[in-house]
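Please open the model in your viewer and keep the selection panel at hand. The stops below follow one after another, each with something to select and something to look for.

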Amino acid sequence: MSSIERQALHRTRVVGILGGMGPAAGADFARLFVQACADHMRSLQIPMSDQAFPEHWLAQVPVPDRSTALGSPGPGGHQPLDPMLQAMGKLAALGATTVAVACNTAHAWHGALQERFPQLEVLHVAREVAHNLAGRGVRQVGLLATEGTYRAGLYDQAFRQAGLQCHIPSEEERESVMRGIYDGVKAGDMALAHACFAGVAGALAKRHGLSVLVLGCTEIPLALSAVPGMDALELVDPAALLAQALAQRAYA
């Protein structure tokens, strides 16, 4: 590889991460992004150094609960769009060209964010996941997510367009997932979170004979990396795939 080609590979674009939903998930997404950048450099045989990583900005902003907002439509301080728009404006002012939103449920407002900032590319997590799974020949998946994500159908259209059949937990199981998110991860009780998530994941996979589960909330992978007794069950972290997509844009 010539020196000119190496210099071209080192050129990067500024990207942004809209986090804070919750703070631990946003911080973990930044870690996933750095890891994705390192993997990208290795795949292109780019010499790794601090200076080879792209400029990226993490906006950790207080945003009202997304599931609550979707369950109570109408204007008010409980709606998350305005804080997200303000954070997007700050990222745009810092020179970001592509932004990843580190919250699955927040993608219910993806269209509004993209419309308000047409100069930015706002990545869509469900489309990135659907593209990856379909490209690997997966045809059936299970989805663990928040009630807001189910209610908004964030993954439904993306999976359907990619030819994927999606199975979701029962109403009682969804309540257990929500307990794991709010009383578990957000409250710092990871043991409770793991018990809730693992129980629902195992039941859903056995019921439908699934080999792939999508952990469609950035809080879930923080407490669930494997399901006891089901070593062959693949747990897909949408945040990791979104981080890879953001890294690709940064090095484009």
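How many bridges join strand E5 (residues 140-145) to E6, and in which sense do the two strands run? Select both, and you will find 3 bridges between them, with the strands running parallel. Before going further, note that this is a predicted model, in which local features need pLDDT of at least 70 and side-chain atom pairs count only at pLDDT 80 or more, while totals for chains, interfaces and linings use all residues. Residues are numbered from 1 along each chain as its sequence is written, and side-chain values use heavy atoms, with hydrogens and water left out.

**The sheet**

Helices (H or I, at least four residues) and strands (E, at least two) are DSSP runs numbered from the N terminus, and two strands pair if DSSP finds at least two bridges between them. Within the pair you have selected, Gln140 has Gln165 in E6 as its bridge partner. Now widen the selection to the open sheet of 4 strands, whose order is E6-E5-E7-E8 with parallel pairing. Strand E6 (165-167) and strand E8 (234-236) stand at the edges with a single partner strand each, so one side of each is left without a neighbour in the sheet.

E7 is joined to E5 by 4 bridges in parallel, and Leu143 stands opposite Val214. E7 also pairs with E8 in the parallel sense over 3 bridges, where Val212 stands opposite Glu234.

**Two helices**

Select Val125, Glu128, Val129 and Asn132 in H6, which meet Pro238, Leu241, Leu242, Ala245 and Arg249 in H11 (contact means heavy atoms within 4.5 Å).

**The cysteines**

Cys166 is partly exposed, with a relative accessible area of 26%, whereas Cys37 counts as buried at 0% relative accessibility.

How values were computed
Buried < 20%, exposed > 50% of the residue type's maximum accessible area, 1.4 Å probe, protein only.
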